[in-house]
Amino acid sequence: MKVIIAGGGTGGHLFPAVALGEEMMRERPDIEVLFVGTSAGLEAKWLPKSGYRYELFEMHGIRGHNVLERARASVEFVRAIGLATSLVRRFRPSIIVSAGGYASASMAAAAVLTRTPLVLMEQNTRPGLVNRMTARFAKKICVGFSDSVPYFSSAKVEVTGNPTRFQYRPDRSRQEGRQLQILVLGGSSGAHRLNIGAVGAFKICGKSVINWHVVHQTGEADEELVRSAYREIGFAAEVVPFIDDIAAALHRADLVIARSGAMTVTDIALGARAAIFVPYPFHKDQQQVHNARVLEKRGGAIIVRDDDQLASNLAREIEGLVRNPARLDEMGERAHQEAHPDAARHIAKICFEIAEKAAA
């Protein structure tokens, strides 16, 4: 069997694609998996180091750019469809999986043009543009959250959860007297406003921070800025540009402060951790707000707006939670009610069944 899995641009689309491919290779060692992305996305840095087979097309997203950039992106997209169609005819996959984002658009189009079975993965609660446009052509649509179901045909959609590359060990036991651990996550590429807001919040909290151990993932661009900011307030936080093993980091954490991309919400639910979400405020569809509400409705998270009062509002919520360890535990348990630990296996099973039916 041969499979093309397309997706990328950001870690929120790339890593679920990789997680699915890895699960397929575990289950069927003789399978050929080809990952497809763009030269402008995170996959251009990550895939060459992975050892996996991959193809990258030159393509940029269209939404939110000026007229000239949109025109260039449109030309690139048309060219990428031609390259993707040629790739399908050369590689002859049994199935194509679109993991979302602009990086998957050309392959989804090529699947339609070549009549190759297409499966969609939708990580966010509100579907992205590519999946909305190609849903009618898909054999199956695998969604990360039940809130996504109304946006698709009920005959095609299935709630599978979002596949992750890590095994989670939910554990609420804590050693008496140890430092409270707070994990700050800005997403795979960081989040400048959240980074500054979190440092500002810890400054407001003052002497309380002596009892906390903070790990702060900044993204590459803000690493030195955030490190310097902590030095200025006299707080020895552990500052890193990127966390490779997010499951281990969550296992050590008592509280997570984070953006609410779909995979961050998924990871927190799987890890059974209390969260304060600061959704990215400038997305047209407010995707991160809706993602965060999945856990907020369960009582597993608090949402804080990213505005001029971010630091003070964060400080208030942090201090309220750390004074009540029992509430942190309860929030983690409630968040875990949204977890789908077998998501990769579930989606792989769907893909195998569709490919085998098409070949019969």
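The lining of the second largest pocket divides into eight nonpolar, five polar and six charged residues; here Ala, Val, Leu, Ile, Met, Phe, Trp, Tyr, Cys and Pro count as nonpolar, Asp, Glu, Lys and Arg as charged, and the others, Gly among them, as polar. This is a predicted model, in which local features need pLDDT of at least 70 and side-chain atom pairs pLDDT 80 or more, while totals for chains, interfaces and linings use all residues. Residues are numbered from 1 along each chain as its sequence is written, and side-chain values use heavy atoms, with hydrogens and water left out.

The second largest pocket has a volume of about 310 Å³ (the space filled by probe spheres set on grid points, which are joined across faces, edges and corners). A pocket is an open set of points on a 1 Å grid over the protein atoms alone, with protein on both sides within 12 Å along at least five of seven lines; a cavity is a set where a 1.4 Å probe fits but cannot get out, and lining residues have an atom within 4 Å of a point. Of the 19 lining residues of this pocket, T164, F166, Q167, P341 and D342 lie nearest its centre.

The largest cavity holds about 50 Å³ of space, and its lining includes G144, F145, N162 and H340. The residues of that lining divide into four nonpolar, five polar and one charged.
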